[in-house]
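Let's take a friendly walk through a protein model together. Have a look at the sequence and the 3D view, and then read on.

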Amino acid sequence: MAIVKNIKKNEPLKLIPWLEEAGEMEKQDKEGAVKEYKKIVTVYPLNEKVYDRLMILYRQLKMPGDELLWINKPIRIFEEKFKTPASKTSAKVASLSKSLIRSMGLADKKGKSYYLPQPIARWTKRKELLEKKQKTG
């Protein structure tokens, strides 16, 4: 937490040292580490490592409801990220790309992908396993 306390108002937070500090905190205080990772998520909402650590900590703390919440949240965020194209492409390029993807069997006739990109696929699988475990347990 020393990094967060020493940061000035307008100075951007440094992700790597902040993650390292939160990782060290996990060894002594898992609940404190969870709070720290939640702070990191508010500043860096597209960092998958932070979400992974939160999911792992909630699993270790045996809090499946919170773990499920922190599986669903990044899935929604990353689906939105992958939905919007990084840059505008011409109609011809978009049409050719869709045709190529369909011909390779990676998408249906409407162009919807059969496969989920990472990390969404990994998180979706974890969600299914957790829901199955909650039903049987």
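## A walk from the inside out

Start with Glu67, which is buried because its relative accessible area is 2%, and the cut-off for calling a residue buried is under 20%. Keep in mind as you look that this is a predicted model. You will find Glu67 in helix 5. Which residues is Glu67 in contact with, leaving aside its neighbours within four places in sequence? The answer is Met55, Tyr58, Arg59, Arg126 and Leu130.

Next, turn to the nonpolar residues. In soluble globular proteins, nonpolar side chains tend to be buried together. Here, the largest nonpolar core has 25 residues, and those touching the most other members are Tyr37, Ile40, Val50, Tyr51, Leu54 and Trp123. Several helices build this core: helix 2 (15-28), helix 3 (30-43), helix 4 (48-60), helix 5 and helix 7 (120-136) each supply at least two residues. Which helix gives the most to this core? That is helix 4, with 6 residues.

Not counting residues up to four places away in sequence, Leu54 touches Val34, Tyr37, Lys38, Val41 and Trp70.

Now let's look for empty space. Rolling a probe the size of a water molecule over the atoms shows where such space is left. In this model, the largest pocket holds about 450 Å³ of space. Its lining is made of 16 residues, and Phe82, Lys83, Lys98, Ile101 and Gly111 lie nearest the centre of the pocket. Both helix 5 (64-83) and helix 6 (91-103) supply at least two residues of this lining. The largest share, 5 residues, comes from helix 6. Sorted by class, the lining of the largest pocket has 7 nonpolar, 5 polar and 4 charged residues.

Finally, visit the second largest pocket, with about 240 Å³ of space. Glu79, Phe82, Lys83, Lys112, Ser113, Tyr114, Tyr115, Leu116, Pro117 and Ile120 form its lining. Which helix provides the largest share of the lining of the second largest pocket? Helix 5 does, with 3 residues. By class, the lining of this second pocket divides into 6 nonpolar, 1 polar and 3 charged residues.

Notes:
Residues are numbered from 1 along each chain as its sequence is written. This is a predicted model: local features need pLDDT of at least 70, side-chain atom pairs count only at pLDDT 80 or more; totals for chains, interfaces and linings use all residues. Side-chain values use heavy atoms; hydrogens and water are left out. On a 1 Å grid over the protein atoms alone, a cavity is a set of points where a 1.4 Å probe fits but cannot get out, and a pocket is an open set with protein on both sides within 12 Å along at least five of seven lines; lining residues have an atom within 4 Å of a point. Grid points are joined across faces, edges and corners, and a volume is the space filled by probe spheres set on the points. Helices (H or I, at least four residues) and strands (E, at least two) are DSSP runs, numbered from the N terminus. Ala, Val, Leu, Ile, Met, Phe, Trp, Tyr, Cys and Pro count as nonpolar, Asp, Glu, Lys and Arg as charged, and the others, Gly among them, as polar. Buried means under 20% relative accessible area, exposed over 50%, partly exposed in between (1.4 Å probe, protein chains only). Contact means heavy atoms within 4.5 Å. A nonpolar core is a set of buried Ala, Val, Leu, Ile, Met, Phe, Trp, Tyr and Cys residues joined through side-chain atoms within 4.5 Å.
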